[in-house]
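Thanks for coming. Please have a look at the sequence and the model on the screen, and then I will go through a few details.

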Amino acid sequence: MVKGFIFDYGGTLDTAGCHWGKVLWHAYQAHNIPVSESQFREAYVHAERTLGANPIIKPDFTFYKTLDTKLRIEMEFLMTSGYWNVSEQEYVKLHNNILNSVYNGVKAETEHSRVVINMLNERYPMVLVSNFYGNIGVVLKEFGLDTFFSHIIESAVVGIRKPDPRIFSLGVKALNLKPEEVVVVGDSFYKDIIPAKKAGCKTVWYKGEGWTDEQYDESIPDRIIVDIAQLII
C-alpha cells in the first residue's frame, strides 16, 4: 500500500526528467553558441563544482537568479579557456537570451508538475528530497510548489547528498511512514532510484534524456514514466 510520496526536484519537477546538463546544452545549440559539446561539458562541470564548493548561491536567490549565476560561470569559463571568442555586447545578449528561454521552459514544465502534484496531494502526504544550494524553499515558492510538501530535505541544509540512501531515510522519517509505504519519484537512476531502493522505498523512474548514454537495469525501478501525469493514471 502506497501511503506517501518523496519527490526529487531538479530534473524531475522542472525539466520533464531531462538532465540539466542536456537542457542547457540544447539551449546553447539553439542559440548557436560556437562550442563543442565536450567543451560545454567542461564548463558545466566547472560551474557545478564551483557552486558546490563556494557559497555563491544565497538562501534568498530565486531560480531565475540561480540560473543567471550558473550561466555566467559557464560562459566565463568558455571564454577564459579560449573556447569562445565573443564581444562583451554579444556575450550579454546571448546570456540573456538563453537565460530567458530556459527559464520560460522551466516555468511551463513546473506548471505541468504543479497540476499533477496538486491532484496527488489530495490523497497523499509528500516530502521533497533534493541536492540543492540552500534556496530550494524560495524556488518552490517562485513556481507555486511550496504548499504541497510537509517537509523539505535539502542536501545543503542536512549535510547529506544523494546518492547517500540516508537522505531518503530522512524523507521517510519526515512522513512518519515505513519505507515500503513510500514511493520515491526521481529522474536520476544513480542518485534517486538506486539509493531509494537501498532505503527500502518503492521507486518511479522519470526517464528523460540523461547526461550519458549509460544503460540501466530497468527491472530495478517499480515503474518507469515519461510524463509526470502518468502518476495519476
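This is a predicted model: local features need pLDDT of at least 70, side-chain atom pairs count only at pLDDT 80 or more; totals for chains, interfaces and linings use all residues.

Let me begin with helix H2, residues 37-53.

Next, which residues of H2 are buried? They are Gln-39, Phe-40, Ala-43, Tyr-44, Ala-47, Thr-50 and Leu-51. Looking down the axis of H2, you find these buried residues within an arc of 140°, so they line one face of the helix. An α-helix has 3.6 residues a turn, so residues three or four places apart point the same way. The buried residues of H2 are covered by elements including H1 and helix H3, residues 63-80. On the face turned away from the buried side, H2 carries the exposed residues Arg-49, Gly-52 and Ala-53.

Now the salt bridges. Side chains of opposite charge can pair when their charged atoms come close. How many salt bridges does a search of the whole structure find? It finds 12, and I will show three of them.

One is between Lys-162 and Asp-8, where the closest N and O atoms are 2.7 Å apart. Lys-162 sits in the loop between H6 and H7, and Asp-8 sits in the loop between S1 and H1, so this pair ties together parts that are 154 residues apart in sequence. Are these two residues buried or exposed? Both Lys-162 and Asp-8 are buried.

Another salt bridge joins Glu-37 and Lys-22, with the closest N and O atoms 3.0 Å apart. Glu-37 belongs to helix H2 and Lys-22 to helix H1, so here the parts tied together are 15 residues apart in sequence. Glu-37 has 26% relative accessibility and counts as partly exposed, whereas Lys-22, at 12%, counts as buried. Glu-37 and Lys-22 also belong to a network of salt bridges that links them with Arg-41 and Glu-209.

Glu-76 and Arg-72 form a salt bridge at 3.8 Å, N to O. Both lie in helix H3, four residues apart, which is about one turn of the helix. Glu-76 is partly exposed, with a relative accessible area of 35%, and Arg-72 is partly exposed too, at 32%.

Last, the backbone. Most residues other than glycine have a negative phi, and most peptide bonds are trans. Here are some exceptions.

Which peptide bond is cis? The one from Lys-162 to Pro-163 is, with omega near 20°. Pro-163 lies in the loop between helix H6, residues 155-158, and helix H7, residues 166-175.

Ala-16 has a positive phi of about 60°, although it is not a glycine. Ala-16 is found in the loop between strand S1, residues 4-7, and helix H1, residues 20-30. With a relative accessible area of 24%, Ala-16 is partly exposed.

Asn-176 also is not a glycine and has a positive phi of about 60°. Its place is the loop between H7 and strand S4, residues 182-186. Asn-176 is exposed, with a relative accessible area of 68%.

That is what I had to show.

How values were computed
Residues are numbered from 1 along each chain as its sequence is written. Side-chain values use heavy atoms; hydrogens and water are left out. Helices (H or I, at least four residues) and strands (E, at least two) are DSSP runs, numbered from the N terminus. Buried means under 20% relative accessible area, exposed over 50%, partly exposed in between (1.4 Å probe, protein chains only). The expected span of a helix is 1.5 Å times one less than its number of residues. The arc is that of the directions from the helix axis to the C-beta atoms. Contact means heavy atoms within 4.5 Å. A salt bridge is a side-chain nitrogen of Lys or Arg within 4 Å of a carboxyl oxygen of Asp or Glu.
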